[in-house]
Amino acid sequence: MKISVKVPATTANIGPGFDCLGMALPIYNTVTIEETVLPGTGIEINVIAENDLVDEMSLEHVPMDENSLVYKAIELLYNSIGQSPSELKINIHSNIPIARGLGSSASVIVGALVAANELLGRPADEAALLSIACELEGHPDNITPAIVGGLVISSQEDDGSVVYRKLNWPQEWAITVCIPDFELSTDIARSVLPKEVPMKDATFNLQRMGMFVHAVATNSELMKLALKDKLHQPYRTKLIQGLDKINENLKHVENVLGCVISGAGSSILVISEKNNVDKIKSIVKDTWNDQNIKCDIRTVSVEENGAQIITEDNN
Ligand code: HSE
């Protein structure tokens, strides 16, 4: 039997929502799991790059053995029903750039879990898949939209369960994803964060999170304030070459609501009204080009679907 699952990229944090806000984007990885017949062949994992930004150098850092997130995800699922995985061939068709803050790791965890769950006859429901995936990833902000799609606010409770609610993204707002040609590992981007933050910074983000929920519900200019953050971006901006300058250059562009780091970076998102997108794209492109950084910039809509089974072959 062979199952293929298509999983969207995701952007996390979106300004104030560190480790809790996330949104699915229309860039996809496909994870295919096939039961192989030869005993003793174990688990074989192959990654096939389908995007210029998923280059061989990026793939060198992706473990293909028992240390792979895909392997661990499948193992956790099998173990949850008292079994161990064996004899599986896993192909990952990779379109989501790696180490760019676009949820490539969440997508392969989710793709592997959903495909393996289907192979096993669906022993895990959505809640169980969310818990297993978040146990591996450590936070729910990429995992939840990768599974359920859309713009999502989620929390991970003490018992490991994930609670989420979907929010609407106003049709009037454009999301411009700007992906530079350099990687930033999430581990490095998390290592620069302090273990504790001043109470006034925590309060600042609480205020913006409340504003964010109101702003998306009402298509309000309040979003200009809501996208600000003091918990992670001040520490990470220096890791993203050119970001300070991009922020400065975008400051006076009419209709820009904000520019935020996508997840842990290195990509950034510019959120704006829909009428000024070309200007935004050229500002970001020119600013990075001035620093010899190539980039891929796309204006996209929210992907409302999460992981989807696209083929099932029972032979
Ligand atoms: N919320 C996470 C972070 C997303 O900012 O580190 C990246 O995995």
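**The ligand site**

Guide: The ligand sits in the largest pocket. Here a pocket is an open set of points on a 1 Å grid over the protein atoms alone, with protein on both sides within 12 Å along at least five of seven lines. A molecule sits in one if more than half of its atoms lie within 2 Å of its grid points. This is a predicted model: local features need pLDDT of at least 70, side-chain atom pairs count only at pLDDT 80 or more, and totals for chains, interfaces and linings use all residues. Residues are numbered from 1 along each chain as its sequence is written, and side-chain values use heavy atoms, with hydrogens and water left out.

Now the shell. The residues around the ligand (a heavy atom within 4 Å) include Asn13, Phe18, His139, Asn142 and Thr186. By class, two are nonpolar, five polar and four charged; Gly counts as polar and Ala as nonpolar. Strand S2 (17-35) and helix H6 (186-191) each supply at least two shell residues. Helices (H or I, at least four residues) and strands (E, at least two) are DSSP runs.

Domain 1 (2-167 + 303-313) and domain 2 (173-300) both give residues to the shell, so the ligand lies between them. The bounds come from an automatic or database domain assignment.

Next, the polar contacts (N or O pairs within 3.5 Å). A polar side-chain atom of aspartate 19 is 2.5 Å from a ligand nitrogen. A side-chain N or O atom of arginine 190 lies 2.6 Å from a ligand oxygen. For arginine 236, the distance from such an atom to a ligand oxygen is 2.8 Å. The protein covers 96% of the 250 Å² of accessible area that the ligand has on its own (Shrake-Rupley method, 1.4 Å probe).

Definitions and conventions: Polar contact = N/O pair within 3.5 Å; in protein donor to acceptor, adjacent residues only side chain to side chain. 1 Å grid on protein atoms, 1.4 Å probe; cavity = no way out; pocket = protein on both sides within 12 Å on 5 of 7 lines; lining within 4 Å.
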